[in-house]
Amino acid sequence: MDKLTFFVVAFVMLTSCGDKTKTNDDFSKDTAAPSEESATNPTDAATYDPNRGIGKHTSVDLGDKLDEAMAAEGEKIQSVKCSSCHKLTDEKLVGPGWKGVTQRQKPEWIMNFITNPDPMIDKDPKLQAQLELCLVRMPNQALTDVDARNLLEFMRKNDGVK
């Protein structure tokens, strides 16, 4: 009886696994209709703007002086969402260090990357090179526009803006 049970269980397990290579389904393709984001922001390499990135932020008014309240809120966000991967110096942790990021990138690019990292990583040659060094994609932290703006202000403070 035990042998019969063993063979039945083994047979069920083997047949339930089956040969998945014969399926015609291709789940790697996204068959959903294009999103409004992709319809309004073309993402092919020919139209990618390396100064702005991909996203809805086309113009960010920073002002001449640092907004201390926004920077304080940005520091809170950084300590919860960013500090495990990014140092405030130029030293790489998991991701690159933040020192000098506001001098290297335009505010629109930073805001778009914070709020929309995946399409930018897919299209930006500099981000792709950075990915080869870090070996880990930046996850989408689902930050709001206000959170992203506060974080940008903290980055400015980190880069010495007063």
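Predicted model: local features only at pLDDT ≥ 70, side-chain atom pairs only at ≥ 80, totals over all residues.
## The largest pocket

The lining of the largest pocket comprises 21 nonpolar, seven polar and seven charged residues. Of the 35 residues that line the pocket, His86, Pro96, Phe113, Leu127 and Met138 lie nearest its centre.

At least two residues each come from helix H3 (68-82), helix H4 (101-104), helix H5 (107-115), H7 and H8. The most is given by H7, which supplies six residues to the lining of the largest pocket.

## Overall architecture

The chain contains eight helices and zero strands. Along the sequence, the pattern therefore reads α-α-α-α-α-α-α-α. Of the 162 residues in the chain, 30% are buried. Among contacts in the chain with a separation of 6 or more, 67% are between residues 24 or more positions apart.

## Helix H3

Asp67 caps the N-terminal end of H3, with a side-chain oxygen 3.1 Å from the backbone nitrogen of Ala69. Within H3, the buried residues are Met70, Ala71, Gly74, Ile77, Gln78 and Cys82. Viewed down the axis of H3, these buried residues fall within an arc of 120°, so they line one face of the helix.

The buried residues of H3 pack against H8. On the other side of H3, Ala69, Lys76 and Val80 are exposed.

Leaving aside neighbours within four places in sequence, Asn150 is in contact with Met70, Ala71, Glu73, Gly74 and Ile77. Its relative accessible area is 10%, and Asn150 is therefore buried, the cut-off for burial being under 20%.

Arg149 also lies in helix H8. Because its relative accessibility is 14%, Arg149 counts as buried. The side chain of Arg149 makes a polar contact with the side chain of Glu153, at 2.6 Å. Not counting residues up to four places away in sequence, Arg149 touches Val60, Asp61, Leu62, Met70 and Met111. Met70 is thus named among the contacts of Arg149 and among those of Asn150, and Met70 is one of the buried residues of H3.

At the start of H7, a side-chain oxygen of Asp124 reaches to within 2.8 Å of the backbone nitrogen of Lys126. Just after H7, Leu135 takes a positive phi of about 70°, although Leu135 is not a glycine. Leu135 lies in the loop between helix H7 (125-134) and helix H8 (145-158). Most residues other than glycine have a negative phi.

Ala142, in the loop between H7 and H8, likewise is not a glycine and has a positive phi, of about 55°. Is Ala142 buried or exposed? With 64% relative accessibility, Ala142 counts as exposed. Leu135 is exposed as well, with a relative accessible area of 69%; the cut-off for this class is over 50%. The C-alpha atom of Ala142 is separated by 8.6 Å from that of Asn116, a residue 26 places away along the chain.

Note on methods: Residues numbered from 1 in each chain as written. Heavy atoms only, no water. Helix = DSSP H or I, 4+ residues; strand = E, 2+ residues; numbered from the N terminus. Buried < 20%, exposed > 50% of the residue type's maximum accessible area, 1.4 Å probe, protein only. 1 Å grid on protein atoms, 1.4 Å probe; cavity = no way out; pocket = protein on both sides within 12 Å on 5 of 7 lines; lining within 4 Å. Nonpolar A, V, L, I, M, F, W, Y, C, P; charged D, E, K, R; others polar. Arc of directions from axis to C-beta. Contact = heavy atoms within 4.5 Å. Polar contact = N/O pair within 3.5 Å; in protein donor to acceptor, adjacent residues only side chain to side chain.
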